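Please read this briefing alongside the sequence and the structure shown here.

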Amino acid sequence: MPSNTMADADGTNDSLEGSDIVAARNQADAKLSISLQSLHLGEEHLVNDDFGKAFAYYLLVLKLTPELAKTIRPNFSRALREWGHILERHGRIDSLFECYEQAFELDAENETVFNDMGTILFRLGFQDEAVSYFRKALRINDGYLEAKENLNNVSSALVERWHFRMLNDIHRNKAYKEAIKKAINEGYDTVLDIGAGTAILSMFSVQSGAKHVYGCEMSKTMYELGRDVLVTNHMSDKVMLLNMKSTDMTIPRDLPCKVSLVVTETVDAGLFGEGIVETLQHAWQHLLANDRDTHHQYPINGKVIPSKAIVFAQLVECEAIRKQHRVTAHQIGNLTLNCDLISATMAAQCKTSNCTVEPYSTERMSTVCSGFTPLSNAFKVRDIDFNSAQILCSAEPCGPDVDHQISVTKSGHLDAIVSWFTLHLYEDCALSTSPNDESCWEQAVFPIHPLHICQGDGDIQAGNTVTVTAAYKDSHLSLHIPAVAQQEMQNTGGDTVIQQSSNQDDISDPSDANTNTVDGIVSNKENDQAFVLSHEEIMAINDVKYQNILHDVIRSAIDRHKICNTTTNVADHVTKYSQQCKGASTAKTKFVTMDISPSFSLAGLHVAKAGATRVYFPNIVEDCQNALQWILTCNTIEGDVIEYGQIQDGDMVDLLIADIIESRGVFRQRVLEDIAMARLLH
């Protein structure tokens, strides 16, 4: 009896298992049937360009039968791409991202979808994220040419050019490698590379025998690049690379323990501009071993490479720098420039209030156009010890503001203070960024406004002494000549000393009825004002030959228009045109102009001065509008002639002006597109 019962039980189990198998088969058949129907409908909608429905049906196919992913991948990718374009055009960005997330989840090996997502992110301005998706596409298929080209194009835009110069600087690389090796040999063998970039300093640390090497890089693009470099050099398992700022790192969340050596090159041409002081302050307080630690696990305190830096500077005359930072011409064609047009960098030098713009630009002085002339000997500005935690973490890590009395060794026009520095890496390992040294760094250029010099014209004489104030403010080095308030010349043993009054912010008393001050710049000229333009705009205006040719061409065009609209006889055309060229009348005939230059432009003002009835500036920003309005007033041009914005309905254009070539010699693609789209010409 028991055996029969068991047999019955076994038979029941077999019956149940059989029914489960049948049900599973039926379910699989149903899924396959629905999937095939969906596939058919997806292809049908794709042929009819109904991409949204096609994408939805292909998604269903992937959910039901993931094994068909490779089969439908080309059509699925096309449907998603086209549907994505439609969503993007309609501003449905959230829906667009949601569709791609669904695609990634169901077809994680589709390199085309990852590449397409990268191109969308790049168009939307998410460049770092775009690079990440191009890399994912290449990890799936390293021979995918479209993703490879996209990655190269975006990376070349994101990886700043100084990285290439830096990596090609053999002397710099050799000095850092030697310094790191010496430090590790002395026991500083747990290393943190701050601002790792391509991870070259991390790899030097590994090669020098470090026990543990960590790196951090804020830029997503550079982080990804650093990872690839480590993989290529078979060191990805020897360096722990993190995509984050060092000042956000904590122990033990990000690092298992404090390190004994920090290596970094977070310096710019002005030394402090990339935040090396704040970076190392945080490192000494939280990441580097030091004698303040309760449980000091190292026999020695931590070290920093570079160990210290010394900043030097020099007064120079340089026409190229002058023409980048201030418009020197006072008359362009028939336009009088009764104002001061300066760069934001020069404005930062002149302003008495806080300014977010860096107080310096950069130049490779050894190759600057037309060269430069030193007007003083090089002088030491200040030094800083990166290995003194006490000084570095004090209230004034770079010391107080200092006035340097600099002797002028050669007469000339003072255009700028140029600065550079020497990095002392470790013991006798050092690097210099001087103009006389072949290094990857440029020099910092602090442009000087002429009104800050005693005579107000920028000229200084050999034997004079000039005061240069050095300060550390807002993570930047600042070098400037205090504005002269009361100009008193004293002879002291052959040297002429420029004496500044206690008010060193203004050139003269702002309450004076004959002075005007804008952005801290004051002139004794009545009605003078100052306006800020870009370097490129200033250089274009300073090209007087080009500006005068532009004026002549515009004047000829409007004169011919006047003649053609007032005469019908050919002989009269010739006679009147000849008269116009000698001294054209400014009587106004209807003449509409649109200046689509992407920046500040005098061309439209030339037309207004010549007698145009309406001039449109659709691309001029508010700051430039103020400068244009001032020049209009100074040249007695009626203000209602100028319109800022798009052309009014019904107006047709007689003259279209476009600045189509950048100063570096390439076409402005957007302006060319604007010209192609302009259908307003008579």
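This is a predicted model: local features need pLDDT of at least 70, side-chain atom pairs count only at pLDDT 80 or more; totals for chains, interfaces and linings use all residues.

Residues are numbered from 1 along each chain as its sequence is written, and side-chain values use heavy atoms, with hydrogens and water left out. Helices (H or I, at least four residues) and strands (E, at least two) are DSSP runs, numbered from the N terminus.

**Helix pairs**

- Two packed helices are described by the angle between their axes and the distance between the axes. Axes are lines fitted to C-alpha atoms, for helices over the stretch in contact, and angles run from 0 to 180 degrees between N-to-C directions.
- Helix H2 (residues 51-64) packs with helix H3 (residues 69-89) at about 145°, and their axes are 8 Å apart.
- H2 and H3 cross in the left-handed sense (the near helix is turned anticlockwise from the far one by less than a right angle; clockwise would be right-handed).
- On the H2 side, the residues in contact (heavy atoms within 4.5 Å) include Phe51, Phe55, Tyr58 and Leu62, and on the H3 side they include Ile72, Phe76, Trp83 and Ile86.
- By class, the contact of H2 with H3 has 14 nonpolar, 2 polar and 2 charged residues. Ala, Val, Leu, Ile, Met, Phe, Trp, Tyr, Cys and Pro count as nonpolar, Asp, Glu, Lys and Arg as charged, and the others, Gly among them, as polar.
- Helix H5 (residues 111-123) and helix H6 (residues 127-140) have axes 8 Å apart and pack at an angle of about 165°. H5 and H6 are therefore roughly antiparallel (angles over 145 degrees; under 35 is roughly parallel, 65 to 115 roughly perpendicular and the rest oblique).
- The crossing of H5 and H6 is left-handed.
- Among the residues that meet are Phe114, Met117, Leu121 and Phe122 in H5, with Tyr133, Phe134, Ala137 and Ile140 in H6. The contact of H5 with H6 divides into 9 nonpolar, 4 polar and 3 charged residues.

- Strands of a sheet pair through backbone hydrogen bonds, either parallel or antiparallel. Two strands count as paired if DSSP finds at least two bridges between them.
- Strand E4 (residues 261-264) pairs with E5 in the parallel sense over 3 bridges, and Leu261 has Lys303 in E5 as its bridge partner.

**The four-strand sheet**

- Another open sheet has 4 strands in the order E28-E27-E26-E29, also with parallel pairing. Its edge strands, strand E28 (642-644) and strand E29 (655-657), each pair on one side only.
- The twist in this sheet averages 20° from one strand to the next.
- Strand E26 (residues 592-595) and E29 pair in the parallel sense over 3 bridges; Asp595 has Ile657 in E29 as its bridge partner.
- Helix H19 (residues 603-610) lies across E26, strand E27 (614-617), E28 and E29, and runs at about 170° to E27.
- Helix H20 (residues 622-634) packs on the sheet and touches E27 and E28, with its direction at about 175° to that of E28.

**A loop residue**

- Asn338 is in the loop between strand E8 (335-336) and strand E9 (340-343).
- Asn338 counts as partly exposed because its relative accessibility is 25% (buried is under 20% relative accessible area, exposed over 50%, and partly exposed in between, with a 1.4 Å probe and protein chains only).
- The C-alpha atoms of Asn338 and Trp630 are separated by 8.4 Å, although these residues are 292 residues apart along the chain.
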